[in-house]
Amino acid sequence: MWPAFIFSVIAGGLFVVSLAYFFDTAKRLALNSIPTRYTPSENPKDDHIQIIVVGDIGRSPRMQYHAISVTNHGRYVDLVGYKETARHPALIGKENVSLYPLAPYPEWTIWGTLPLLSLVYKVIHQFCTLFYTLMYATPAAKWMIIQNPPSIPIFHVALIVAWFRGTKVIVDWHNYGHTLMRQTLLLRPLVPVYRWYEKGFGRHLGDVNLSVTDAMNRQLKGPGFRIKKPIFTLHDRPAQVFQPIISPKKRLDFLRGLPETQKEAQSIVDGSLRLIVSSTSWTADEDFGLMLDALMEYAESLLGEASTIDSPPPILAIITGKGPQKQPYLDKIKELTDQGRLPGIRIITAWLSTREYALLLACADLGICLHMSSSGVDLPMKVVDMFGAGLPVAAYSAYESFGELIKEGVNGCGFKTSSELKEVLQRLLGVHGTEELARLKAGAISEGSIRWEETWNSVVGRILEFVGDDQNQNKRA
Ligand SMILES: Nc1nc2c(ncn2[C@@H]2O[C@H](COP(=O)(O)OP(=O)(O)O[C@H]3O[C@H](CO)[C@@H](O)[C@H](O)[C@@H]3O)[C@@H](O)[C@H]2O)c(=O)[nH]1
């Protein structure tokens, strides 16, 4: 009798304790699943601003510039994106900058054996990691600034998160995802779905929108997108790290210290070898085949004739950057070189630190830009870098917004075909081109003198209400 009684008392006690534990855990889980909401801080400087890139943060200069500008106002920046290459030095080791890396994809998705399956998997993977990071891992932010493209799946994730957490959204339209998708043959059937998603969610997502050109601004307001919320154009501008180098000694010192140019440094500085630089993410919207054809045509003109003062000089071409289509082009360059079709021309590729990249641009003779603009209304940031470094450009020109940055005969020259590019190279790099090149360089320096910080403060600084807040803080101090 007694043992049964004691057993039932213990069992009853254990049941009550485990019930209490179960309800407590359930309550805690329920409470933890409610994301925190943004409430304005007493001191506006304690508010957080999120910068979101569904890509490699280190290779998103414009989004990093947003982050740097925010920190320059003493605010907290939370960077959300993939951590692949090194971030801008100004974003490393600062106590008001936090990085929330998105979980990388499993390796099998990169093999390319099951392209459609890996695409679907990537979208689901991105959705989960973005949702968790934005809803729970990061502190509730006052504003989030989102890069587009890509639009899927960040647009609807951001819409949900912004609603739950009381965060306001700025969509920074760099380009359109659906026009970029059109460039990949295999993905073309999905373009209508992507376009529907991008326009549908894009119309409602941003409390404010930024566009990289006036032409894009008009399109976003126009019948295609019908965005009713405010849209401001924020042209890309060079960061402070890009500065012209005028002194031949400084140029020589840098070129001698860089492994890629060490041996030819003296010839580059005395003009007997011309240094051209192109930078890229090796994506489908840049056709390096066009540059290779132009260089082959240029090389043909070096053949056969005895070298005179009027002969086009040999060229060292450096292509900087990282990206998916690099290897096929490396193979092509090797093949052409082995076949002897590029005599007098050496083409190399590199990935440099931000500082070295900026100095290389400042030491080159001419920048080449092959950006073809999938939408017709975006612009290449690389040309902005080049102008900041005082480097004139030869750029592919057959798209609408081209003239918003490159002024023919003032800071650069346009081309549409490889033959036109070859002519530009022959004209500008030869002895008779010295004067024209110097004039274009002056134009590049002048265009590059308008800097990111001033433009950013007058557009984004005002949207984020930094300008008024900072003045009030200064008055109080
Ligand atoms: N650190 C470093 N950066 C490099 C190097 N080479 C290239 N880069 C970076 O890679 C960029 C080139 O990237 P792309 O993807 O070719 O395009 P973009 O010219 O930057 O233009 C992109 O951004 C615009 C907005 O800023 C967009 O409007 C446009 O559509 C495109 O996405 C350069 O501007 C530079 O910041 C290198 O060796 N080192």
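1. Taking contacts in the protein chain between residues at least 6 apart in sequence, 73% link residues at least 24 apart. Keep in mind that this is a predicted model.

2. On the overall build, the protein chain has 17 helices and 13 strands. Its C-alpha atoms fill a box of roughly 115 × 60 × 50 Å along the principal axes. There are 477 residues in the protein chain, and 51% of them count as buried.

3. Now the ligand. It has 23 residues around it, and the closest are S281, L352, D378, K382 and D385. By type, the shell around the ligand splits into eight nonpolar, nine polar and six charged residues.

4. A few atom pairs deserve a look on screen. The side chain of D378 has an N or O atom 2.4 Å from an oxygen atom of the ligand. For D385, a side-chain N or O atom sits 2.7 Å from a ligand oxygen.

5. How much of the ligand's accessible area does the protein cover? On its own the ligand has 750 Å² of accessible area, and the protein covers 87% of that.

6. Which elements give two or more residues to the shell around the ligand? They are α2 (61-72), α12 (354-363) and α13 (381-388). The most comes from α13, which puts in three residues.

Conventions
Residues are numbered from 1 along each chain as its sequence is written. This is a predicted model: local features need pLDDT of at least 70, side-chain atom pairs count only at pLDDT 80 or more; totals for chains, interfaces and linings use all residues. Side-chain values use heavy atoms; hydrogens and water are left out. A residue is near a molecule or strand if one of its heavy atoms lies within 4 Å of it. A polar contact is a pair of N or O atoms within 3.5 Å; within protein, one must be able to donate a hydrogen and the other to accept it, and residues adjacent in sequence count only if both atoms are side-chain atoms. Accessible areas come from the Shrake-Rupley method with a 1.4 Å probe; for residues, only the protein chains shown count as cover. Helices (H or I, at least four residues) and strands (E, at least two) are DSSP runs, numbered from the N terminus. Ala, Val, Leu, Ile, Met, Phe, Trp, Tyr, Cys and Pro count as nonpolar, Asp, Glu, Lys and Arg as charged, and the others, Gly among them, as polar. Buried means under 20% relative accessible area, exposed over 50%, partly exposed in between (1.4 Å probe, protein chains only). Contact means heavy atoms within 4.5 Å.
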